[in-house]
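Trainee: I have a new model open and would like to learn how to read it. Could you walk me through some of its features?

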Amino acid sequence: MRNFFISLLIGSGIFFQPILAQDFEPNYEEAQVPSYTLPDPLLFTNGEKVTGPKQWNNRRQEIFELFEKEVYGKSPEWDGELEAEVLFVNPDFMDGKATRKGIRLHLKRNGQDLPLDLLIFYPNTRQAIPAFLGLNFYGNHTLATDSEVAVPTAWIRNNEAMGSSDNKASETGRGKRIPNWPYEEIISRGYGLVSLYYGELDPDFDDGFQNGVHGLFPEESRNAASWGSVAGWAWGLSRVMDFLETESWVNPQKVAVLGHSRLGKAALWAGAMDKRFALVISNNSGCGGAALSRRQYGETVGRINQSFPHWFAENFNQYNEREMELPIDQHQLLALIAPRPVYVASGVEDRWADPKGEFLSCVAASPVYRLFGLEGMPVATQPAVNHPEMGHIGYHVRSGGHGLLEYDWMQYLDFADLHF
Ligand code: GCU
């Protein structure tokens, strides 16, 4: 009876409630960072050492399964149908230099149809070109000044940033995010850009995992290792990749996945789950993204699980205030991307995301790149503000705070030029 009661508690999530004081004070003092030892990416759980790329495959699988089980949750295999509906095509965009397209992807499964609107820009060339793929925060209309790009109907979080007082997108947001998605520059550098609103994949609120991509799998019974929203957003990026493989303008071998903040967490997990992403970019992804959890600097595991109970697998709650017990840390998430290039970017004033912890993660992932004869992070101490460093791992800390800015894009374009 007692065991039954305990498993009932575990199942309901009551067991893993964060034991946090209401008045959580983030630590911003380097001197207060606890001493810690990071799990070695090149050491199997049984203590054996990885000595070459072949063994790395097995160790990689071990690390991947730990992230699935303890952090993000396990995403299902896609066995549904994907249909692409053309909403509009404008081959005369930017005075004929580029094409802008709207595609509605239908994810069909179990009698359900989840529509995802893609906004696509690419230069008018004859060759198949590289492209950036990234989720946006407020809807595709925030990347366009004209009404050809419709306002989404899906639920929007933090919509006051777009001048709305409710959770519905509206014309007030139109064009507001163009500075964060400088498509003219991206196009002039020879790249395509594909973006979609992340809330169409999974609305960013805690509804017990009923809606969005979760709703396509009604037969799935939930457990403590089931997928959260970050995994849902990441999984959705792979469905967009499925579609991009059918498009003639893009070279599917050269698709970079990118995301800012919570969507940076999703971009990293997408890069870990799906090796088709040839390059991965994390912009200010912080806790649960590129930053080391063990540092407990800025946002902590307990804090993120308390504020966003729907983002991660329920198991992640076991590590609230117990980061040292995690069997992995976030440098191993970067290592899962090896030998593909990965870029991590911080903002110096974005202390909540722990810029130094993001950098140290790059350093600690580097031995895995070296196993492939590649340079991971070229330097061992955090570079000065606005001094990017680019090996197979790239990093910069720029001036300013939390945001995806033009400066960031300039580095991503250079990094993509270097590797593509
Ligand atoms: C919050 C959250 C972060 C997240 C950020 C964002 O600040 O605590 O983990 O990265 O939102 O997505 O903007």
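**Reading the model step by step**

Mentor: A search of the whole structure finds 32 aromatic pairs. Rings of Phe, Tyr and Trp (its six-membered ring) pair if their centres lie within 6.5 Å; planes under 30 degrees apart count as stacked, over 60 as edge-to-face and the rest as tilted. This is a predicted model, in which local features need pLDDT of at least 70 and side-chain atom pairs count only at pLDDT 80 or more, while totals for chains, interfaces and linings use all residues. Residues are numbered from 1 along each chain as its sequence is written, and side-chain values use heavy atoms, with hydrogens and water left out.

Trainee: How are the planes of F93 and Y183 arranged?

Mentor: F93 and Y183 make a tilted pair, with 5.8 Å from centre to centre and 45° between the planes. Helices (H or I, at least four residues) and strands (E, at least two) are DSSP runs, numbered from the N terminus. F93 belongs to helix α3 (residues 93-96) and Y183 to helix α4 (residues 183-188), so the pair ties together parts that are 90 residues apart in sequence.

Trainee: Are F93 and Y183 buried or exposed?

Mentor: Buried means under 20% relative accessible area, exposed over 50%, and partly exposed in between (1.4 Å probe, protein chains only). Both F93 and Y183 are buried. Now take F132 and W409: their ring centres are 5.3 Å apart and their planes stand at 80°, so this pair is edge-to-face. F132 sits in strand β4 (residues 129-136) and W409 in helix α11 (residues 406-419), so the pair ties together parts that are 277 residues apart in sequence. F132 is buried, with a relative accessible area of 0%, and W409 also counts as buried at 0%.

Trainee: Let us turn to strands. In which sense do β2 and β3 pair?

Mentor: Two strands pair if DSSP finds at least two bridges between them. Strand β2 (residues 98-109) and β3 pair in the antiparallel sense, over twelve bridges.

Trainee: How many residues of β3 are buried?

Mentor: Nine of the twelve residues in β3 (residues 112-123) are buried, leaving the strand mostly covered.

Trainee: And what should I look for in a helix?

Mentor: An α-helix has 3.6 residues a turn, so residues three or four places apart point the same way. Consider helix α10 (residues 355-371), where R370 is found. Twelve of the 17 residues of α10 are buried, so the helix is largely enclosed by the rest of the structure. Among the buried ones are F359, C362 and Y369. R370, however, is exposed, with a relative accessible area of 52%.

Trainee: Where does α10 bend?

Mentor: A bend at a residue is the angle between axes fitted to the seven residues ending there and the seven starting there. α10 bends by about 35° at A365, and the proline P367 follows within four residues. After α10 comes G373, whose phi is positive, near 75°.
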